[in-house]
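Here is a note on the model, point by point. Please read it with the structure open.

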Amino acid sequence: FDEFNRIDIEVLSVVAQQLLTIQNALKANQSPFNFEGRMMKLLPTCGVFITMNPGYAGRTELPDNLKALFRPMAMMIPD
């Protein structure tokens, strides 16, 4: 997801719960798994990546429950 922190905080909270459900299914090696009432096939090689531009107008901080699901990484312009 690009510029993830531009999404409304209410939507981010829902996304956090959905990602946690997927992460728990991956940890339990469950496929198919129950995703909001539907049985979904889960590939163990799937991944979720987000980009953020903190400090700009209109950007929100991620909720703590969502921050916990991702590892931070910084990018710089090469010399």
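1. Buried means under 20% relative accessible area, exposed over 50%, and partly exposed in between, with a 1.4 Å probe and protein chains only. Helices (H or I, at least four residues) and strands (E, at least two) are DSSP runs numbered from the N terminus. This is a predicted model, in which local features need pLDDT of at least 70 and side-chain atom pairs count only at pLDDT 80 or more, while totals for chains, interfaces and linings use all residues. Residues are numbered from 1 along each chain as its sequence is written, and side-chain values use heavy atoms, with hydrogens and water left out.

2. Helix 1 covers residues 9-27, 19 residues in all. Its buried residues are Leu-12, Val-15, Ala-16, Leu-19 and Ala-25. The cover over them includes strand 1 (33-35) and helix 2 (64-67). An α-helix has 3.6 residues a turn, so residues three or four places apart point the same way.

3. Setting aside neighbours within four places in sequence, Ala-16 is in contact (heavy atoms within 4.5 Å) with Asn-65, Leu-66 and Leu-69.

4. The loop between helix 1 and strand 1 deserves a look. Asn-29 is found there, with a positive phi of about 55° although it is not a glycine. Asn-29 is exposed, at a relative accessible area of 66%. In this loop also lies Pro-32, and the peptide bond from Ser-31 to Pro-32 is cis, with omega near 0°. Most residues other than glycine have a negative phi, and most peptide bonds are trans.

5. Glu-36, in the loop between strand 1 and strand 2, has a positive phi of about 50° and is not a glycine either. Its relative accessible area is 59%, so Glu-36 is exposed.

6. Arg-38 is in strand 2 (residues 38-40). Arg-38 is exposed, with a relative accessible area of 59%. Its C-alpha is separated by 33 Å from that of Met-73, 35 residues apart along the chain.

7. Which residues lie nearest the centre of the largest pocket? They are Val-48, Phe-49, Ile-50, Phe-70 and Arg-71, among 24 lining residues. Helix 1 gives the most to this lining, with four residues.

How values were computed: Expected span 1.5 Å × (residues − 1). 1 Å grid on protein atoms, 1.4 Å probe; cavity = no way out; pocket = protein on both sides within 12 Å on 5 of 7 lines; lining within 4 Å.
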